[in-house]
Amino acid sequence: MPERPLHLLWLQSGGCGGCRLSLIGAEGPDLLTTFAAAGIEVLWHPSLSAETGRSAIEIIEEAVSGEVTLDILCLEGSVMRGPNGTGRFHMMAGTGRPVMGWISDLAKVAGHVVAVGSCAAFGGITAAGANEVEACGLAYEGTEPGGLLGHGFLSRSGLPVINVAGCPIHPAWLTETLHQIAAGRFGRADLDEWERPVSYTNHLVHHGCSRNEFYEFKASAERLCDLGCMMENLGCRGTRARADCNIRRWNGSGSCIDGGYPCINCTSPGFKEPGHSFTATPKISGIPVGLPMDMPKAWFVALAALSKAATPVRLKTNATADRVAVPLHDRKKRA
């Protein structure tokens, strides 16, 4: 526990607020208990704080001036730089200044800068398409380094922007990171190549997936309501997506795949524009383009052929059913 509370300031920029809603839903413990246990004091948060208007602006001004030490700056949502780099698409009410100017000033004095969600990290959904609003992340514009703060930005701690990517984030991805920061145990080795915390990106969404038996035998779903593996036909990227969604369950019980929807790899920089429908798997000569991470194509083709040849009738039938059509049965038990 630090000698004094660590001061956290949270700003919302161009986004839907989904990461904040996910965070407020944290369980075991709840969000406020998590902050208290880490010794974190929230200077201002758009949903948790009572201050509004001039009172909220004064808190931000005190952080910029150094009157109050800013230990952790959290940004949710992409930075809105339009039109023509002026930032006037998103102004801080009552200040006459674009929000992106306040973000830059706060980042310069912050001990740690945390991008909460893929929008704040890489630009996210807000930057999709023609990006008329000129949205970007704090340190990236899509896959290109730079963003608002520029390539090579380091906070007062000597760390780059910590990208807690996801759309939305799992609440524990952020609270675990904040606890590590508060304990003084978060360093460069705790970040992956996209500066995301390795506490969750050292896993694949595929790990712990409830459909893994179907995947092993390449027993594939054909419709979203089917029980089978969604990689071959329905665009699931769980074998390539870096996150622990099926290990660290959402709300203690589920994940996107458990809900019947394919993983769209929302923790990656370019997830928003895969070049095809989220629920379709592009193929070349019948072979899925998005093969499992680190697996050579020839090996996958050979293993898939063997797996399909050995698929039990139970899995082959259930894969294209919306409920268990053929139940498990112990062959040793005679009828």
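Which residues does the UniProt annotation "domain: Cytochrome-c3 hydrogenase C-terminal" cover? In this predicted model, the annotation, which comes from an unreviewed entry, covers residues 203-278.

**Domains**

- The protein chain is divided into domain 1, residues 6-202, and domain 2, residues 203-324.
- The contact between them takes 29 residues from domain 1 and 17 residues from domain 2.
- Taken over C-alpha atoms, the centres of domain 1 and domain 2 are separated by 32 Å.
- About 1,900 Å² is buried between domain 1 and domain 2, and carbon and sulfur atoms give 56% of that area.

- Under "binding site", the unreviewed UniProt entry lists His-206, Cys-209, Cys-229 and Cys-236.
- These residues are spread over 31 residues of sequence but cluster in space, with a largest C-alpha distance of 11.5 Å.
- His-206, Cys-209, Cys-229 and Cys-236 from this set are also part of the lining of the largest cavity.
- Cys-209 sits in the loop between α7 (198-201) and α8 (212-216).

- Cys-263 belongs to the loop between α8 and β12 (283-284).

**Cavities**

- The model has two cavities of 30 Å³ or more.
- The volume of the largest cavity is about 90 Å³.
- Besides the annotated residues His-206, Cys-209, Cys-229 and Cys-236, the lining of the largest cavity includes Arg-211, Tyr-215, Met-230, Met-231, Gly-238, Thr-239 and Ile-257.
- By residue class, the lining of the largest cavity divides into seven nonpolar, three polar and one charged.
- The second largest cavity holds about 40 Å³ of space.
- Its lining is formed by Gly-235, Arg-237, Ile-264, Phe-271, Pro-274, His-276 and Phe-278.
- The lining residues of the second largest cavity comprise four nonpolar, two polar and one charged.

**Backbone features**

- Gly-82 and Pro-83 are joined by a cis peptide bond with omega of about -5°.
- Pro-83 is placed in the loop between β4 (79-80) and β5 (91-92).
- Asn-84 is found in the loop between β4 and β5, and its phi is near 55°, a positive value in a residue other than glycine.
- A cis peptide bond also runs from Cys-167 to Pro-168, with omega near 0°.
- Pro-168 lies in the loop between β11 (162-164) and α6 (171-182).

Terms used:
Residues are numbered from 1 along each chain as its sequence is written. This is a predicted model: local features need pLDDT of at least 70, side-chain atom pairs count only at pLDDT 80 or more; totals for chains, interfaces and linings use all residues. Side-chain values use heavy atoms; hydrogens and water are left out. On a 1 Å grid over the protein atoms alone, a cavity is a set of points where a 1.4 Å probe fits but cannot get out, and a pocket is an open set with protein on both sides within 12 Å along at least five of seven lines; lining residues have an atom within 4 Å of a point. Grid points are joined across faces, edges and corners, and a volume is the space filled by probe spheres set on the points. Ala, Val, Leu, Ile, Met, Phe, Trp, Tyr, Cys and Pro count as nonpolar, Asp, Glu, Lys and Arg as charged, and the others, Gly among them, as polar. UniProt positions are given in the numbering used here, feature names are shortened, and annotations may be inferred rather than shown by experiment. Domain bounds come from an automatic or database domain assignment. Contact means heavy atoms within 4.5 Å. Buried area is the accessible area (1.4 Å probe) that two parts lose on being put together, summed over both. Helices (H or I, at least four residues) and strands (E, at least two) are DSSP runs, numbered from the N terminus.
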